[in-house]
Each structure stands twice: as structure tokens, then as C-alpha cells.
Amino acid sequence: MLKLALFVAGIVCCAFLPVLPSLWNLAGLCLLLLLVSRLAPARPAWLAGMLLAFLLGLGYADARAQWRLAQALPASLWQKPLALQGVVRGLPVSGTYGVRMQFEVEQVLTSGAQLPERVQLSVFARKGEGTSDMAWHAGERWRLTARFRPLQSTANPHGFDAEQWYWSEGILATGTVQPGAQRLGEANDVLAVVDRLRERLVLRIETVLGQQRAAGLVAGLTVGAQQQIAREEWQSLARTGLTHVVSISGLHITMVAGMAAAIVAWLLRRWPVSYLHPRILIVLSGVMAAAAYAVLAGFSVPTQRTLYMLCCVALMLLWRRTWSGLHIWWLALAIVLLIDPFAVLAPGLWLSFGLVAALMLSSLGRRRPAGKVQQALMGQWAATVASLLPLLAMFGSFPLVSPLANALGIPFVSVLLTPASLLAVALPWDLPLQLAGWLAEWFYRGVDWLAQLPVWQAAALPWPLLLLGGIGSVWLLAPGGMPGRWLGGSLLLPVLFYQPAAPEPGTARIRLLDVGQGLAVLIQTHQHALLFDTGAAGGERWVLPQLRGFGIRQLDVLLLSHNDKDHDAATADIAAAIPLQRVLAGQAATLEQYGLTGEICQRGQSWVWDGVRFDVLWPPAGAQLPDDNSHSCVLRVASWRHAILISGDAPRAVEQQLVADYGGQLRSTVLVVGHHGSRTSTAPEWLETVAPQWSVLSVGFLNRYRHPQPRVLEALQAQGGVLRTDADGLISIDMGTELSFECYRIQAARYWRSPGNCGVAAN
């Protein structure tokens, strides 16, 4: 079992390497260790065998990763029109601006071009065309032209990592479909037939239940159409710890398998058969039911992993060997990772396997089985303890109501709502669907009530605390009789109350969040925090996870430079989630739009926090300005030796006026470049006057505005170093006695993540 665990450890280790090792080097090491294990004395041979198991796991994951990387989109084809032919896989998702879908590439029609096997396509609605008019359906074959880009996305230390998700799902490129796509008919393979069935079932559910939230939940539980569940419902589920309950994964597939096996066992007790052992029929019926449900749910990667695990357990039962639960657990994990080594990047894998391990650990050492009520309580306790640390580490929060919500929600959804929904879509009558919709609505009402209760928020944990918390969790779940078991809780207290170290007095820490084509700058002093703009999307997408991860519990100032969605789109979410002591805005329209009480930015506003000075340099009070960008607040933050200047989208006319008014007082060590490097900003006299050692650009990767403009970028590079969020991810700058900075793509380098240079090339 130890060798199996080391093999798994090798696969896991590979996923977090910054660079893949050479397969030839690994093969040479394996050969050397194999010889040592054969020829050396007992102890060195044992150690060599352990290392060999680890290297075999590492080498296997390395080879699979090399093969996947070879399919990546070449840089020469980025944003180039490519003709291709393929099949729509899964269910297309309609949104506000168009349709998004997964597409299996059958043939690349452009000569000399290559594409990954599976890509994600977006079809944007043209002017005057609604998404309902865009007839893209599951299982259809299309010939089309699209412009592709690699899987690179935003890179921040906290929250959802899109690049990691794309890689683990095997999506290596995303594309935008160009006009003129041609439908070729319907594909006839099994997956296409199943996808069309799923689409028809979703349409029937919506026809019977209407466009209400219950319809989305029923569709999600039956055919895996979780895109039908609205963003607001997902947020409520997250606040109660019930997200996993409505996601088709281990819980539901195992439940279906168990129900099918129980029904077959009941039938065999009444009508036994002689030609086949009952154990075989019971196990096979459970596996077949689980497989059918997984296919109906779209056979997504999480459902595949669960099905592989169930198949492994079924083989052990049919083998009739006396295997402990721990042996089966390790073997199931090894088989899942052998089939899909990239599953290590999926939080769901570790949550599901971790929960099973916790349940097994908590039941060890008992001389006789506990009663049903005691088993339920023990299981809930084990699930709570086991999920506390992973949820805090992965998502930065733990719903305090989660134990109660799961104790009520899991039985309701698993035993009542899911079977009722599956039965309803299988029957031709509307009444069962209406009953399932009624149950779904009552479930949501309970979630709405529980979601009002508080959620425990925690800052991102460093690895020593994670290790300490892991030991505490295992200690708490140790079998009865373990001395001082309850003392394990004391090891979890530092995890619950951890707060990152604040900057020293007289210094400031500036973080430019990677929010794509937008701007969001977090500035911290010893006891205060200011957020300059909020980015271009909802707060839960980028900004709020970073604020929570950095331990920001309130904002002393929220400064919104001007009324433009790439600068203030997340304002409502932030105002609802974090206390705001003061709000400054470049335009009154911003305050009115988000219902905020605040002040208008005015030249002369100034304050000092912990020895760091903040000065608003623009706009002048009562000035009549020609456009929104001209209203942009301009902020200068200065410590004892360094300063940073942030100008929002202020155009060249504003820059020229500031140069005339302030002259050399504008000089700053760091310049956050105006208007994302557009030609409308960063005039030569402005750059010469500010004289930054470093210029920072907040831009989206391959953005449609083509920012930064080449001439602006050349001027910045001639002036000093250049940092870019699209290339470097989140950029952290410490202004103390010395100026230092870190880039997230360097700090958290992974072989599957696009690397950055952190300004090295600019020097």
C-alpha cells in the first residue's frame, strides 16, 4: 500500500511543477533504482523501491502532460481565422451576449493549421439578434470559421482559477465563431444521441415548469444542465455549503447506484435466481445504473471520476478478496489518477475522497457498530471536520450553518428530490414534473432562509498553518481511545483566526489585481485599505476573492475613478459584501447608479494613513469636462522614499493640465499607465515629468482594443521597466525603504500556466 501511495504522490507532485522534467532523465533514474532494488541489500533495496514507485507516478503524469501540451494552439495561429469542422458536445449555454459551447474538432480545414481535440466556442449575437435566434443545438455537426486564443486567463492567487480549470478539463483553446457557419446535420455517435436527448429533456422541463428557478434545479439534477441554475442561486448555495448537493458528482451517482443495488437485492430475496450469484447481479446493477446516470448527466469529468471509483470498488467486491477500506480507497484513487492524472487539479476530487477517508477514519477502532442515529451524527461530525480546512484553503470561507444545512439538505435532495426528478423526466405526464418542481422550490426556500446566517471568512493560509490544521483535523477524527484526541481542535484555532501581516508603518503595499481589460488597485498601509476601481465583472469573479484572501475585512476608502463598466462594474457586489467607510467617485452618476452615499473626487483632497500620504490631484471642483474619461480621479500615494501615481482613464488633455499645474511634484517611482496603454493617454511630456522607474499596465490578454498601443509601449520601455497584468498576473509592489515587487505568474509558476517575465525583458 505504501508503494501505491507513493505512486499517487508522484502523479500529484507533477501537477504543481513549474517545468516538466525530461522523460529521458526520469527513465534513467527509474532504471538505476530498479537495478539498486534488485542488487542492493534489504534496506537500500526497500528505499529504492519506494523511490521507484514515486518516479513511476511522476513519469506517467509527465508523459501525459507532454502529450497534452503538444496539442496546444501555436502562437502563430492566435486570433487567426481558422476553418474547421466538428460536433457540438454537451449542452450549449445561452447568455446575455450569445452562446457558449464545447466543440469536438473533427477536421481542421485551413491548410497547415492544427487545433486541440476539444475547444470552447463562443457565438456572439449580432446587433438586432437575440440569443434565442442562434440555433446551435447539442449533437449537431458544423463547418465554421473561428478565431482562437490559448487557454490563458486572469491569474490571481485567490478565487476561481480559469486556467487550471481549462487544463484539468482538457480545453486547450477558446474561439469566437465568425459569421457564415454552416450546419451539416446531426452526428450519429452515442454521445451526440445522448446530448440531443438531454436537450429535449431540458426543453420539456422548461415547458412544464416555465422560466423559474425550480426548473433550473430539476434540469441540473437530472441531465446535468447546471448552467440553468442562476448565479444568485449558486451564491446562496455557497453560503450554506450546499453547492455539492446540486452538482451531479459523487453524492448523486453513488446514491443512484445504491438505490439500484438495493432494489435488485430486494427482488432477489423474493425471486432468487440460480444461474448467477446474487452478489454479481447486485454489484453490476449498481454500476450499470451509475453509468447510465453519468451518461445522462453529460459524462462530465467529475462524473467520470466517480464512476471510475465505483467500478474499482465493484471489482474489489466481485474479486472476493479481504481488502480493508483503506486499501480500496488508495486503489480507487490510483485508478482514477491513472485514467485522468489531471484530476489532481479539481477540488471536487479531494473533497469527495477526503470525505470518504474521514468517514472511514472516524469509524475505526469500534468494537461493535453504532446505532443509525449515532452513525448519522458521527458521519455529519466527520464531514464537517474533514471539509473545514479544504473549504477555507480553497474558497476562503466556511458556512457556519453548513452542518445543519447538509444534515437537512443531503437527505432531502438525495432521497426525495433527485429520485422524484429522475422519475418525472422518465414519465410522459406533466404532474410528476410539477411535483418535482414543487419540491425544488421548497428546497430553495430553505436555502434562502439558511443563507441569511453568517459565513466564516478566513484569509489565505500559508502552508505551515495548512499542515498544522491538517494534523489537527486528523487528530480530531482519530479512532476512539486516542489520547488527547480533542486537543486536535487547538491546532485548528490558528487556521480560523489567521490574519496576514500588515505593512510596517510608513510603508505601503500596492496590488494590481488581474481583472482582464479593466482596473482594480488595492492599497494597504499598516491599519488601512483603499481600493481604486473594481474591474469589469461581478465582484465574486475577481475582486472579492482577493480582498478576502488578503484578509481585508473593510475598506476605509472605495475610490471609483469614473463611470465606466471596466472600472466600476463590481461596485454593487463589493458594497454588499464589505463595509465601506468612505466612497469617492469621479462622477455623481456612479454614486447614483449603485445607490451609494459618497463624495465627488476633488483636487486638494488629502489624508495621511500610518505615515503614507494620499493626494487627489484631479478633477478640479466644479470643472466642466468634455467626457467621462476626463472626470477620472487621479491619485498619488507617497511613502517616505517612493510614490505611485494612478490616473484611471485620464486623457492627454488632463495629463497636460496636471503637468502645467504640478510640474515636478508629479514625479513618482511607479506609474499605473492611463487608459490601459491607449494612444489617448501617456503623452511624452507626461511621461517625462512623472519619470517613473516602473510603469504598470492593467490590460486583458489579447484584448479587442489592442491595448497597449505599440508606440505607447515603446515609450514606456524607453523610460524604465514595464509590468503587465496580462503577462504577469497580479502584481504586488511594496513601497518601503526599497521598492520591491512580485508577479503571480512567477510566484506560482506551473507547467500548464502561461509564464510571465515580471519585467525582466523590459530591462
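Predicted model: local features only at pLDDT ≥ 70, side-chain atom pairs only at ≥ 80, totals over all residues.
Visitor: Is Gln 79 buried, partly exposed or exposed?
Guide: A residue counts as buried under 20% relative accessible area and as exposed over 50%. The relative accessibility of Gln 79 is 34%, so the residue is classed as partly exposed.

Visitor: With which residues is Leu 77 in contact, leaving aside its neighbours within four places in sequence?
Guide: Leu 77 also belongs to the loop between helix 3 (42–69) and strand 1 (81–94). Its relative accessible area is 13%, and Leu 77 is therefore buried. Beyond those sequence neighbours, the contacts of Leu 77 are Leu 82, Ala 113, Gln 114 and Phe 148.

Visitor: How far apart in space are Leu 77 and Pro 150, C-alpha to C-alpha?
Guide: In sequence, 73 residues separate Leu 77 and Pro 150. In space, the distance between the C-alpha atoms of Leu 77 and Pro 150 is 9.5 Å.

Visitor: Where are the buried residues of helix 23, seen down its axis?
Guide: Helix 23 spans residues 652–662, and its buried residues are Val 654, Glu 655, Leu 658, Val 659 and Tyr 662. Viewed along the axis, these buried residues lie within an arc of 140°, so they line one face of the helix.

Visitor: Which residues are exposed on the other side of helix 23, and what covers the buried ones?
Guide: Ala 653 and Ala 660 are the exposed residues on the other side of helix 23. The cover over the buried residues includes strand 16 (612–618), strand 17 (634–638) and helix 24 (684–690).

Visitor: Which residue just after helix 23 takes a positive phi?
Guide: Helix 23 covers residues 652–662. Just after helix 23 comes a residue with a phi of about 55°, namely Gly 663.

Visitor: What is the relative accessible area of His 676?
Guide: His 676 sits in the loop between strand 19 (670–672) and helix 24. Its phi is positive, near 60°, although the residue is other than glycine. His 676 is buried, since its relative accessible area is 4%.

Visitor: What is omega for the cis peptide bond that joins His 707 and Pro 708?
Guide: Pro 708 is placed in the loop between strand 20 (694–697) and helix 25 (710–719). A cis bond is also present from Trp 618 to Pro 619, with omega near 5°, and Pro 619 lies in the loop between strand 16 and strand 17. For the bond that joins His 707 and Pro 708, omega is about 0°.

Visitor: Which residues does Ser 402 touch, not counting those up to four places away in sequence?
Guide: Ser 402 is part of helix 15 (residues 402–426). With a relative accessible area of 7%, Ser 402 is buried. Apart from the sequence neighbours, Ser 402 touches Thr 240 and Gly 241.

Visitor: What is the radius of gyration of the chain?
Guide: The chain contains 27 helices and 23 strands, and 51% of its 763 residues count as buried. A compact globule of 763 residues would have a radius of gyration near 27 Å, which agrees with the value for the chain, 29 Å.

Methods:
Residues numbered from 1 in each chain as written. Heavy atoms only, no water. Helix = DSSP H or I, 4+ residues; strand = E, 2+ residues; numbered from the N terminus. Rg over C-alpha atoms; globule rule 2.2 N^0.38 Å. Buried < 20%, exposed > 50% of the residue type's maximum accessible area, 1.4 Å probe, protein only. Arc of directions from axis to C-beta. Contact = heavy atoms within 4.5 Å.
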